[in-house]
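This report covers a strand, a helix and an annotated position. The structure comes first, then the terms and the findings.

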Amino acid sequence: MIILGIDPGLRTTGFGVIQKQGNKLRYIASGTIKSGEGDLPTRLKVILDGVGEVARTYNPDCAAIEQVFVNVNPQSTLLLGQARGAAICALVSADLSVAEYSPTQIKKAIVGTGRAVKAQMQEMVVRLLSMPGMPGTDAADALGIAICHAHSRETLTLIAGGTNATANGPLAGLRMRRGRLVG
């Protein structure tokens, strides 16, 4: 399965593509989409087109994106939300299912603590994917999102009652709350 992770940003949107085969993860590609300066609609179009191009190039089976967290500055939060919306539209237009994870969930899945810093995320992504070099912070975050989804996808499918679970399966009646399974 090929997974595309997206770290949305108005100036720089990170992307990371990995492959999951059984319990093994393999790095495929990563990078950034830079929207530059200019008016908001033009920058959103750059994000929409860039994420669409990444999806067409790597043909992923599914995608995951980071949820927006509330900043001290409400205007920044709104702008980030619009960039995220453009990225989600590109993913949905490519007929991809899109999972969403909070920054804390992603950090816990990669580093083991929800308060990890960027350098810790970068280092763990390099280790988990056996990468020869260090990706930039936005690309590393996107790869982390893809890794988080690779580890969470099967459990989420079981919770949703997907093909691996029946109504009486081991996770029947459970749901996710703040990143944890609850009854």
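## Terms and basis

A contact means heavy atoms within 4.5 Å. The model is predicted: local features need pLDDT of at least 70, side-chain atom pairs count only at pLDDT 80 or more, and totals for chains, interfaces and linings use all residues. Residues are numbered from 1 along each chain as its sequence is written, and side-chain values use heavy atoms, with hydrogens and water left out.

## Glu66

UniProt, in an unreviewed entry, lists Glu66 under "binding site"; such annotations may be inferred rather than shown by experiment. Glu66 lies in strand E4 (strands are DSSP runs of E, at least two residues; helices are runs of H or I, at least four; both are numbered from the N terminus).

Glu66 is buried, because its relative accessible area is 16% (buried is under 20%, exposed over 50%, partly exposed in between, with a 1.4 Å probe and protein chains only). Leaving out residues up to four places away in sequence, Glu66 touches Ile6, Asp7, Pro8, Arg84, Tyr101, Pro103, Ile106 and Ile145.

## Strand E1

Six of the six residues of E1 are buried. Ile2, Leu4 and Ile6 point one way, while Ile3, Gly5 and Asp7 point the other.

E1 pairs with strand E2 (residues 12–21) in the antiparallel sense over six bridges (pairing needs at least two DSSP bridges). Ile6 has Phe15 of E2 as its bridge partner. E1 and E4 run parallel, joined by four bridges.

## Helix H2

Buried residues of H2 include Arg84. The buried residues of H2 pack against E1 (2–7), helix H1 (40–58), E4 (62–66) and strand E5 (98–101). After H2 comes Asp95, with a positive phi near 60°.
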